[in-house]
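I opened the notebook to record what I looked up in this model, taking side-chain contacts one after another.

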Amino acid sequence: MASDIKKRPYDATGRQAQSKLAKERILLAASELFKANGFDAVTIEAIANKAGVSVPTVYSKFKSKRGILSCIIDNALPTSQHDALVSKIYTSNSATEQLQLTAKLSRKLYEAEY
């Protein structure tokens, strides 16, 4: 008789939304701390405190401070623009043009982060 009862399917939508929000808060907190104090001076603990999450949460989402920074950089410039510039750099036969394109890419990343 107990097997006739239908179980409600698990809905992880709320949990996924919380996880995404935590990730966004971590990225925002890290970005603000990196700008204010420099990358080397910021600890995972400081990021977690500012984001309002636990230290293990930060590690589970990003693995390290470098992982956080990598994600910030990846989000700073759309992939299509980044890939187009990198492709131009690698296909250029002129060292001067490669240097100019590399500087352009660096500038775009810097501007996108601020």
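Which backbone oxygen does the side chain of K65 reach? I looked this up with the reminder that the model is predicted, and I found that the K65 side chain comes to 2.8 Å from the backbone oxygen of F39.

**Entry on K65 and F39.** I stayed with this pair and noted that the charged end of K65 also sits over the ring of F39, at 4.5 Å from the ring centre. I then turned to charge partners for K65, and I recorded that K65 is buried yet has no salt bridge. The nearest side chain of opposite charge belongs to D40, at 5.1 Å, and a salt bridge requires nitrogen and oxygen within 4 Å.

**Entry on the aromatic rings.** I next asked how many aromatic pairs the structure holds, and the count is 1. The pair consists of F34 and F39, and I logged its geometry as tilted, with 5.1 Å centre to centre and 55° between the planes. I checked both partners for accessibility: F34 counts as buried at 11% relative accessibility, whereas F39 is partly exposed, with a relative accessible area of 22%.

**Entry on helix 4.** I located K65 in helix 4, and I wrote down that this helix covers residues 65-76. At 1.5 Å a residue, its 12 residues should span 16 Å, and I noted that the end C-alpha atoms are 17 Å apart, which agrees. Going through the helix for burial, I listed K65, G67, I68, C71, I72 and A76 as buried. At the start of helix 4, I found a side-chain oxygen of S64 reaching to within 3.4 Å of the backbone nitrogen of R66.

**Entry on salt bridges.** What does a search of the whole structure find in the way of salt bridges? I recorded 1 salt bridge, formed by E32 and K50, with the closest N and O atoms 3.4 Å apart. E32 lies in helix 1 (residues 13-37) and K50 in helix 2 (residues 44-51), so I noted that the pair ties together parts that are 18 residues apart in sequence. I also looked up how accessible the two partners are, and I found E32 partly exposed with a relative accessible area of 37%, while K50 counts as partly exposed at 45% relative accessibility.

Conventions:
Residues are numbered from 1 along each chain as its sequence is written. This is a predicted model: local features need pLDDT of at least 70, side-chain atom pairs count only at pLDDT 80 or more; totals for chains, interfaces and linings use all residues. Side-chain values use heavy atoms; hydrogens and water are left out. Helices (H or I, at least four residues) and strands (E, at least two) are DSSP runs, numbered from the N terminus. Buried means under 20% relative accessible area, exposed over 50%, partly exposed in between (1.4 Å probe, protein chains only). Rings of Phe, Tyr and Trp (its six-membered ring) pair if their centres lie within 6.5 Å; planes under 30 degrees apart count as stacked, over 60 as edge-to-face and the rest as tilted. A charge sits over a ring if NZ of Lys or CZ of Arg is within 6 Å of the ring centre and within 35 degrees of the ring normal. The expected span of a helix is 1.5 Å times one less than its number of residues. A polar contact is a pair of N or O atoms within 3.5 Å; within protein, one must be able to donate a hydrogen and the other to accept it, and residues adjacent in sequence count only if both atoms are side-chain atoms. Lys and Arg count as positive and Asp and Glu as negative; His and the chain ends are not counted.
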